[in-house]
Amino acid sequence: MPMNHETKPATGIGTEAAAEYPSTQSAQLTARRKPFWRPVLRPGQNRRLPRELYPEKVFAQAQAFAQGLSDAAYEPLIRRIDQSPFHSDTQATPLFNGVEAFKAMLEAIRSARREVLVEAYVLHDDQTGQAFLAALKAAVFRGVEVKVLADAFGSSRTHRDFWNLMKRSGSRFRLFRRPLYAPISLLPVLDHRKLLIVDRELGFTGGMNIGDEYHQGRPGDQAWRDTHVALRGGIVWELAIIFGESWMAAGGDPLHFEGMTPCQDTGAKALVLDSRPGRGQNEVFSAYAATIGAARNNLWITNAYFAPGRRMVRMLKATARRGVDVRLLLPGFCDIPIIRTATQGYYREFIRAGIRIFEYQRSVLHAKTLVADGKVAVIGSTNFDFRSFNFNAECNVLFRDEAVADQVQDAFLADLEESREITLEDWLSRPWWRRLQSWLARLIAPLM
């Protein structure tokens with residue numbers, strides 16, 4: 001069934017759907033029908049989030065859960081917010097550096113039999129970009145259908161010659177530009193997703209763009225620190241549907257999708273949290289709010305561009321004040337200095353609320369992860385800033401799985417070894433003009 005932007009979300013026909021019927025009829029329906037998911041976008045375009053699922057409401061609900069993130073009410077709440085299923089057959093391998101991530105991604109492309117889908121915010125024409133181009137060209141030569149989508153703004157430094165080579169390679173190539181429905185005041189509307197899907201069986205997503213910075217970094221420094229994840233299972237089918245949305249928004253033809261009969265309980269539980277203008281932004285925020293509210297022991301957030309709005313600030317401060325160990329791992333230096341300056345404008349307020357702040361010193365920190373109580377982890381592309389929550393196309397995966405959460409938590413602790421904690425004394429000892437500069441940058445953060 002072709003996917004289009006007007007498609008409305010639908011839950012599968014199975015145990016949950018059958019439970020709405022009278023008991024005798026339910027038993028007959030369950031016997032006749034297997035669970036089946038239709039290939040639609042979840043949540044639906046222009047869906048109006050019910051008031052009881054607003055971020056402040058679900059944050060309060062989750063704080064009342066008797067068992068926090070282990071509570072039986074947490075998962076149904078996330079499903080109601082996002083109108084999405086948890087895939088319980090997910091095989092997930094978190095990837096914490098560019099060398100291992102790009103090696104796995106290139107091997108996946110080289111093993112492709114039918115289809116390769118690539119969606120990148122930044123696709124450079126450096127050695128890394130050339131390696132991907134060569135692998136994609138070889139895939140086309142084998143008869144694999146290849147579609148490549150890059151964001152025009154994020155990839156603006158890539159030379160036209162590279163795009164011409166991409167087209168001549170046989171790949172079907174598109175640049176995503178500001179959609180016609182977006183007002184000029186929202187320029188630039190960005191496709192900030194990072195997706196690679198091979199044969200709709202193996203997928204990759206997270207924070208990594210495609211470029212040499214993950215191998216070489218800046219002169220004298222280590223490679224950029226980022227987090228990606230390799231995925232197998234039904235969730236990869238859903239990532240392909242999300243790619244199809246972006247592909248069509250860039251003028252591509254609809255992708256063909258069959259429905260799917262989901263596998264059960266063969267791996268980690270995972271749910272896709274994706275968004276774009278007009279779809280999913282409120283749901284992503286509410287899912288984060290529910291997770292933060294349900295945290296009981298620790299909430300550790302790694303984020304590259306951190307400039308949250310007042311509602312998120314209130315939630316994080318309230319969580320720390322009820323005794324949760326809230327830590328923020330933020331860049332010690334940044335490829336966009338003005339954003340780091342804006343981030344520092346939050347320091348005094350957060351530290352006084354009991355939130356611990358660490359600045360990563362080894363290299364540029366570009367990861368976007370959250371881990372709570374060793375039970376729930378999020379890996380994706382969403383920054384805690386105004387643009388990610390309101391205007392960008394983003395893709396994240398929420399894992400309700402202790403094995404994945406443990407790996408993200410271990411990586412967080414390892415990163416702290418390369419970080420410096422910022423204390424209130426440190427902050428107040430900075431020159432007054434530096435503090436004023438950070439305060440002013442925070443005020444204009446929504447415009448960045």
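The legends below describe close-up views of a predicted model. Local features are reported only where pLDDT is at least 70 and side-chain atom pairs only at pLDDT 80 or more, whereas totals for chains, interfaces and linings use all residues. Residues are numbered from 1 along each chain as its sequence is written, and side-chain values use heavy atoms, with hydrogens and water left out.

**View 1. S156 in the loop between strand 3 and helix 7.** The loop that carries S156 runs between strand 3 (145–151) and helix 7 (160–168); helices (H or I, at least four residues) and strands (E, at least two) are DSSP runs, numbered from the N terminus. S156 has a relative accessible area of 52% and is therefore exposed, where buried means under 20% relative accessible area, exposed over 50% and partly exposed in between, with a 1.4 Å probe and protein chains only. A polar atom of the S156 side chain lies 3.0 Å from the backbone oxygen of F153. Although S156 and H124 are 32 residues apart in sequence, their C-alpha atoms are 8.9 Å apart in space.

**View 2. The salt bridge between E201 and R114.** A salt bridge is a side-chain nitrogen of Lys or Arg within 4 Å of a carboxyl oxygen of Asp or Glu, and the structure holds 26 of them. In the bridge between E201 and R114, the N to O distance is 3.3 Å. This pair links distant parts of the chain, 87 residues apart, with E201 in the loop between strand 5 (195–198) and strand 6 (202–206) and R114 in the loop between helix 5 (98–110) and strand 2 (115–120). E201 is partly exposed at 34% relative accessible area, and R114 is partly exposed at 44%.

**View 3. R193 and D274 in a salt bridge.** The closest N and O atoms of R193 and D274 are 3.7 Å apart. R193 lies in the loop between strand 4 (172–176) and strand 5, and D274 in strand 8 (residues 268–275), so the pair ties together parts that are 81 residues apart in sequence. R193 is buried, with 0% relative accessibility, and D274 is buried as well, at 1%. Both residues belong to a network of salt bridges that links R193, E245, D274, R276 and R279.

**View 4. E418 and R362 joined by their side chains.** These side chains meet in a salt bridge with an N to O distance of 4.0 Å. E418 has a relative accessible area of 32% and is partly exposed, while R362, at 40%, also counts as partly exposed.

Definitions and conventions:
Polar contact = N/O pair within 3.5 Å; in protein donor to acceptor, adjacent residues only side chain to side chain.
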